Amino acid sequence: MVSFILKRIGSGISVLLAISFIAYFLLYFSSANIARNILGESASLDQVHAKEIELGLDQPLLTRFFDWFTHALQGDFGTSWFTSQGVVEGLASRLPITLTLVGVSIICIAIVSTLLGMAAAVKRGWVDKLVQTGAVLGDAIPSFVLAIVLVTVFAIQFQLFPATSSIAPDAGASAWVASMALPVIALLINGVASAAQQIRSAVIKQLEKDYVRTLRSRGISETEILFKHVLRSAAPAGLTVLSLQFVGMLGGVVIIEQIFALPGMGALAVQSTTMGDIPLVMGVVLYTVIIVIIVNLVVDLINGWLNPKVRVS
Amino acid sequence: MSEPVEVRGQSGTVVRANVLVKILRNPMGLGAVTVLLLVVLAAVLANVLAPFDPNFADIGKTLSDPNAVNVLGTDSVGRDVWSRLVFGARTTLLSALLCATVAIAIGLPAGLIGGYYGGKFDSVANWVTNVLMSLPGIIVLLTVRAAFGPSVWISMIAFGVLISPGYFRLTRTAVQSVRNELYVDAARVAGLSDRAIISRHIFSVVRAPIIIQTSMICGVAIAIQSGLEFLGLGDPTVATWGVMLNEGFKNVYLNPMLLLWPALAIGLTIGALVLLGNAIRDALEDAEKVKVSKRGKGRSTAATATVRRRPERSATESVEAGTEHHLIKVSHLGVGYPQADGSVKKVVDDVSFHVDRGEVVGIVGESGSGKSQTAFSILGLLPDAARIVAGSIQFDGTYTVAPNDDRVSQARLSEFRGKRISYIPQEPMSNLDPAFTIGYQMVTPMMRVLKITKSEARARALKLLDDVGIRFPQKTFDAYPHEVSGGMAQRVLIAGAISCEPDLIIADEPTTALDVTVQADVLDLIRDLQKRLNVGVIIVTHNFGVVADLCDRVAVMQNGRLVEDGRVRDILRNPQDPYTQKLLGSMLENKEPMTMLVSTGAPAGLPDDDKAAAL
């Protein structure tokens with residue numbers, strides 16, 4: 001178990017290293033005019049040159065990367081080139097919003113798709129047809145188009161929800177729900193559609209297993225078989241889908257946050273990349289990848305816990 | 001259903017023309033194809049269809065409503081919406097194609113090589129895949145844009161690279177599963193080069209999944225591309241749907257229609273691509289299904305019948321007088337499966353027999369004779385699709401299947417199943433839930449059925465494990481199913497079957513899946529338990545040796561019908577039916593004398609290493 005975790009952490013670190021280098025390498029190309037952009041048109045050539053030296057832009061790529069990396073290892077991600085705010089502080093204020101949005105959406109997807117998938121697998125017949133057709137259609141709606149429609153119809157036309165969902169930290173629960181409702185729905189439809197299909201087929205696969213018949217022959221109730229045995233064995237398939245969706249959503253949320261004007265990581269990512277604010281971009285990239293690695297590790301651990309065979313090996 | 005299906009090659013690829021017909025017959029498929037054709041037409045004929053250059057701006061005529069010149073109106077700088085929409089189709093489609101091409105160009109060869117040769121290349125490719133898949137796409141594309149500027153084409157190439165693991169994994173899995181097939185081996189032996197094998201045998205397998213995947217990926221690419229442009233990160237000089245969406249969203253308070261057209265175009269196109277992918281998959285799967293059911297039909301020789309109507313009357317119905325004393329009585333039972341063409345395939349036809357207390361009855365027949373289906377009708381564990389088409393079943397004087405019922409009544413049976421009727425399955429390993437300990441799987445039914453506490457059930461379970469000859473009950477109790485041998489698992493299942501003091505045990509080929517040495521032990525165990533507990537037993541088997549060893553009476557089944565039944569002694573000595581004679585002939589020849597069925601092997605129930613030591 002411990003060696004499994006260590007191995008996963010090891011591979012996570014190697015992925016992290018590779019990604020930070022690739023990102024840094026890509027951003028290197030964008031930093032040509034950065035000092036001029038920071039100082040503005042009025043700055044003299046000398047000033048620009050001094051700024052370049054200050055930012056370390058005169059150094060070769062590897063030196064710059066190594067310098068950034070050693071600082072990052074100590075938790076120092078530098079300061080934004082444009083706002084001079086610390087990258088870590090900047091992210092700390094944005095991250096909770098993004099994580100809440102993604103987290104709430106994933107939890108809703110997990111609950112709704114499990115219910116729909118199980119209903120379809122157990123009832124079959126018209127319930128199954130309905131869920132499957134709904135899933136195919138839901139899969140076909142791009143979430144950001146849906147978000148735009150939701151904003152236009154419910155927030156702008158009918159003004160049922162706030163169009164800009166900036167949440168004050170001290171806002172009440174109802175304001176909070178109101179501002180999160182539309183973005184979550186927009187993220188939900190796609191996710192539920194594909195997860196419900198996966199859970200449906202995983203549950204059907206388990207229901208056809210011999211052990212289910214034997215459990216029935218032992219007088220165990222259908223409810224207990226379904227929720228204790230079948231759901232447990234079908235869970236790894238569902239969790240894998242959800243973890244993939246989580247990764248996808250961390251990217252997709254960038255657009256959703258823009259549509260609903262949520263001040264999360266997405267807005268920061270857009271701003272920093274358009275301006276070429278390398279420390280900030282690196283911070284966003286690294287934080288995202290770390291979250292992804294942690295989520296994958298947790299999913300692997302839960303799957304191991306659910307399946308004793310995996311646990312042993 | 002009855003359409004002719006041509007099949008080409010061993011991979012079973014269905015001829016494409018047929019698939020196309022199926023896609024068009026599916027309403028979703030037809031809709032998707034229509035929408036995509038319209039979009040492609042618009043893209044190809046953009047120069048003809050658009051009255052204006054997409055970037056021609058008439059400053060004097062901004063945000064105008066639809067009129068004769070500008071059929072969909074103009075945007076905030078006076079550009080014609082219709083013209084931009086058609087030219088946008090061109091850019092959007094080309095960019096999606098570019099993305100898919102890049103992804104295929106990377107993923108397909110990598111998957112073929114990795115799957116076929118494995119080795120170092122495969123592990124490196126896998127690592128790269130893991131890296132790419134843990135990247136949130138849009139963040140990377142934002143970085144790429146920061147580095148290389150706002151070009152649709154560059155971001156689509158980058159996205160193609162990001163999404164290539166999809167093709168890699170798909171191809172690799174398909175190739176791996178085919179690589180070791182016999183016909184590929186044969187091709188290799190025949191001297192075909194690796195390249196020829198890959199292109200001829202393996203490529204044909206991955207072709208269909210790749211077409212489906214491409215359809216889906218084009219949809220994702222369009223979503224990502226318009227998403228980026230919507231964020232204002234696109235190239236503003238190129239007319240695309242995403243740029244239009246951005247422009248529309250900025251003016252949503254002034255003219256929401258500006259938002260409608262690009263959103264509709266994007267939504268419909270992406271939706272059509274996803275639906276098309278689904279329709280192709282359904283069409284291919286349908287073809288598979290037709291093949292399978294045809295094979296099934298060819299094999300079955302049983303008669304067809306019509307399904308009975310569901311009974312209206314209440315469940316409590318008294319059984320025929322004078323038969324109450326039978327523990328189980330099956331009368332003229334018929335079990336069938338409704339087919340798609342409305343007929344019913346009968347698998348059990350007019351089967352009658354009974355079992356009394358303390359009696360062991362064998363049901364013998366080859367596979368497909370309906371013996372297991374008969375057993376499962378008594379247990380009420382037939383598959384959902386099965387219907388009772390004739391006859392009745394009564395247990396201890398009550399109907400579990402009343403005459404005219406079309407299904408086994410679960411409500412009535414749940415009073416007996418697990419409590420008074422229990423079941424020993426055929427394959428021990430697959431009949432234990434791998435996720436729970438053996439102890440848990442023994443204790444829970446006892447707690448539910450006997451209403452005893454957990455600690456009482458636990459004590460009982462340990463005693464039962466000891467009773468069925470398991471040497472270290474506690475160790476087995478704590479073990480997971482995959483930690484014990486097949487013979488042990490079967491003993492556990494037998495212990496489970498007797499745990500709630502049943503009156504009738506139904507054993508479905510209880511020894512077939514076991515090693516020969518263990519088979520004898522398990523039969524001994526069943527015999528001992530039967531004598532000790534004085535239960536009725538139905539043994540379903542294809543082995544007359546088992547019947548001779550254990551049973552008092554036997555029923556012989558063939559093709560769903562009962563061909564002969566009677567006392568074991570009589571039937572063994574003087575079989576009447578030619579089928580029974582044939583079965584007996586095949587069983588007795590080349591077999592050890594029956595006395596060998598009595599255990600001579602190592603003491604059972606030891607863990608494998610102990611067993612080795614004992615020998």
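1. Start with where the two chains meet: 55 residues of chain B touch 56 residues of chain A, two residues being in contact if their C-beta atoms, placed from the backbone, lie within 7 Å. On the chain B side, α6(B) gives the most, with 10 residues. The chain B side splits into 34 nonpolar, 15 polar and six charged residues. Here Ala, Val, Leu, Ile, Met, Phe, Trp, Tyr, Cys and Pro count as nonpolar, Asp, Glu, Lys and Arg as charged, and the others, Gly among them, as polar.

2. Keep in mind that this is a predicted model, where local features need pLDDT of at least 70, side-chain atom pairs count only at pLDDT 80 or more, and totals for chains, interfaces and linings use all residues. Residues are numbered from 1 along each chain as its sequence is written, while chains are lettered from A and ligands numbered from 1 in the order in which they are written.

3. How confident is the predictor? The complex gets an ipTM of 0.82 and a pTM of 0.79. For chain B, the mean pLDDT (the predictor's confidence in each residue, from 0 to 100) is 80, with 87% of residues at 70 or more.

4. Where pLDDT is low, the predicted coordinates should not be read in detail.

5. Now have a look at helix α1 of chain A, residues 2-28.

Note on methods:
Helix = DSSP H or I, 4+ residues; strand = E, 2+ residues; numbered from the N terminus. Expected span 1.5 Å × (residues − 1).
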